[in-house]
Amino acid sequence: MKERVQKFGRFLSGMVMPNIGAFIAWGLIAALFIPDGWLGKWGPAATINNMVVPMLSYLLPILIGYTGGKVVGGQKGAVTGALATLGAIASTSSTMFIGAMICGPLGGWCIKKFDEKMEGHIPAGFEMVVNNFSVGIIGGILAVLSIFVIGPSCVVVTDVLGAGVSFLVSHSLLPLTAVLVEPAKVLFLNNAINHGVFTPIGTAEALDAGKSILFMIESNPGPGLGLLLAYCVAGKGETRSSAGAAAIIQFVGGIHEIYFPYILMNPIVILGPMVGNIAGIFTLSLLGGGLVAAASPGSIIAELLMTPKGSYFANIMGIAVAAVVSFLLSSFLLKFFGKDTSLAEAQAQVAASKAASKGQAIPAAAPTGAVVSAKDVKKIVFACDAGMGSSAMGATMVRNKLKDAGVTGIEVVHAPVSEIPKDCQIVVTHHELAHRAVASNPSARVIPIQNFMGAPEYEVLVKELAESRGASAVPAPAKAEAKSQNSPVLLEKKNIIIGCPSVPSDDAITRCGRMLVESGYVDQKYADAMIQRDREFSVAIGCHVAIPHGTVEVKNNVRKTGIVVMTYPDGIPWGDEGEVVRLVIGIAAVGDEHLDVLERISQVCDSDEATDELVAKADAETIYRKFNGLG
């Protein structure tokens, strides 16, 4: 049931989210140029204001219908969905967002079914004629159907929903929606609720009233901020030290997902954000707060940008009250009912929930690609974009785990995602590359992961393989390997910098490149390509570690193998997901020597806790010895 709800929620939000920029543009134009807007008295404002109604009545619904049709039926489905949506728009003066969410997918489905029926029956040379006329005919029929059936039906639904909202507002019950919203957010239904429900109704309300409180019910950053600040005060160990940076990311960056692990560690603390949001909505209702359009992401910056003239005090108070109430209640709950639970485990739960909410697979429950019996596995391939960096590290870690568990007869290798060997049975790859992995080897089972280092899926995979062979899944005690004093030094002491203040990820990469050049490891061309490599595919590999390195094209610009190490105790938000990185290791490697480098890193930083402890406690001498294999 949960998966079905998540799937439906993803589908609804998937039609609105790609077009949220258009909603924001409409909101900004309305806030600035309507008669009561910031620039409403400016000479050309009346002319610019002429865009507000057409954007709301035509552009936004058609964009939603177009996107919904494309999701179901490709480009032809998109055009058909847009035509059907236009019929719904023509049937009424009401804003037809709900109609677009019906007409778009319906148009895509109809054209998809038509194409399936016609496959193999179209004479050669007539494909374009059939394709164009099918879209025109089916789209036209659906447009007429929408005028007389879908449009009027949606008006009834919209009126019912509007009446429901009016009832909640008039009876001061709107704050109770937070009881459903906050738990739904932790299940990654936040976008579905915000953009699938609140945005359509709120946009219509904003057209009449100039603003809507519905835009702030889910996006208010106050409840999450209060929870994270409570962990700063009443949390323990890693959770306390990490909550400060998480609070900044959540409040300023608008990434609400970052506080979900803190709730999963102690589920009872969800009462803090829940009651905080209730208090915030009540304050907004009392003071007349609201936004002119959807705030995406839900950051304080977006909230203020979407605040209309005269509502700043109300909105700021709504956010502040939500944060204070959430902080006070969460602090109390943590002090008297909090459990000492691993943040890493909670993050793994979040990764699993997020993967499920996006339709990604978890190896124990929902593998993609082919179904492969564990006892038949002879070869496992770790695949990344280039097949050299992060995949090699993941392969090394699982190879060692299989060895420790007593599992033999399985080859573990790494390869580019476009060159996966056909004789492998399992492919482990980053979730963003999973579809490419399936296309590269459809006969293999594909296991998507969030990162290649310390992924929780590894333990599940090793346990599954061990049990299928009657081996123990409990790792044997690791044996320390002596390192010859005459072996080449991988890390020089001058290239270790401890306790760096937090900087943007690009600055950290640039500093790594400069140190590699100054130490004679690489040419400047290699250093220049390091940021490009991170843009193509994040070099943050999990376990709070990032390994900046150059692209494949500049590999010949490496003079000798070596690394540079910098620690960032306060963490660096890295990439679109805002992953926290505390240890940055710049890498240069000749030939296949990067495999030894990555194996060394995986041995030293095999978990979030190991990396955090190294960053917090180790001095330059300890780091020097660890990365050079000297104990």
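User: In which sense do β9 and strand β10 (residues 579-588) pair, parallel or antiparallel, and over how many bridges?

Analyst: Strands of a sheet pair through backbone hydrogen bonds, either parallel or antiparallel. Here β9 and β10 pair in the antiparallel sense, over nine bridges. Two strands pair if DSSP finds at least two bridges between them. Strands (E, at least two residues) and helices (H or I, at least four) are DSSP runs, numbered from the N terminus.

User: What should I know about the model and its numbering?

Analyst: This is a predicted model: local features need pLDDT of at least 70, side-chain atom pairs count only at pLDDT 80 or more, and totals for chains, interfaces and linings use all residues. Residues are numbered from 1 along each chain as its sequence is written, while side-chain values use heavy atoms, with hydrogens and water left out.

User: How many helices and strands does the chain have, and what share of the residues counts as buried?

Analyst: The secondary structure comes to 23 helices and ten strands. Of the 631 residues, 50% count as buried; the cut-off for buried is under 20% relative accessible area, with exposed over 50% and partly exposed in between (1.4 Å probe, protein chains only). Contact means heavy atoms within 4.5 Å. Among contacts between residues at least 6 apart in sequence, 73% join residues at least 24 apart.

User: What is the strand order of the open sheet that contains β9?

Analyst: The order is β6-β9-β10-β8-β7, an open sheet of five strands with mixed pairing. The edge strands are β6 and β7 (540-542), each of which pairs on one side only. Helix α22 (residues 608-617) packs on this sheet and touches β8, β9 and β10, with its direction at about 80° to that of β10.

User: Which pairs in that sheet run parallel?

Analyst: Strand β6 (residues 491-497) pairs with β9 in the parallel sense over three bridges, and I496 has V565 in β9 as its bridge partner. Strand β8 (residues 545-546) and β10 are also parallel, over two bridges, with A546 opposite V584 in β10.

User: Why is β9 described as largely enclosed?

Analyst: Ten of the 13 residues of β9 (residues 562-574) are buried, so the rest of the structure largely encloses this strand.

User: Where do the buried residues of strand β2 lie, and which strands does β2 pair with?

Analyst: In β2 (residues 379-384), six of the six residues are buried. They cover both faces: K379, V381 and A383 on one side, I380, F382 and C384 on the other. Six bridges join β2 to strand β3 (residues 411-416) in parallel, and four join β2 to strand β4 (residues 426-430), also in parallel. F382 has partners in both, with H414 as its bridge partner in β3 and V428 opposite it in β4.

User: How is the packing of helices α12 and α14 described?

Analyst: Two packed helices are described by the angle between their axes and the distance between the axes. Helix α12 (residues 271-287) and helix α14 (residues 312-337) pack at about 155°, with axes 7 Å apart. The two are therefore roughly antiparallel. Axes are lines fitted to C-alpha atoms, for helices over the stretch in contact, and angles run from 0 to 180 degrees between N-to-C directions. Under 35 degrees counts as roughly parallel, over 145 as roughly antiparallel, 65 to 115 as roughly perpendicular and the rest as oblique.

User: Is S326 itself buried or exposed, and what does S326 touch?

Analyst: S326 lies in α14 and is buried, at 0% relative accessible area. Leaving out residues up to four places away in sequence, S326 touches P223, G226, L227, G272, P273 and G276.
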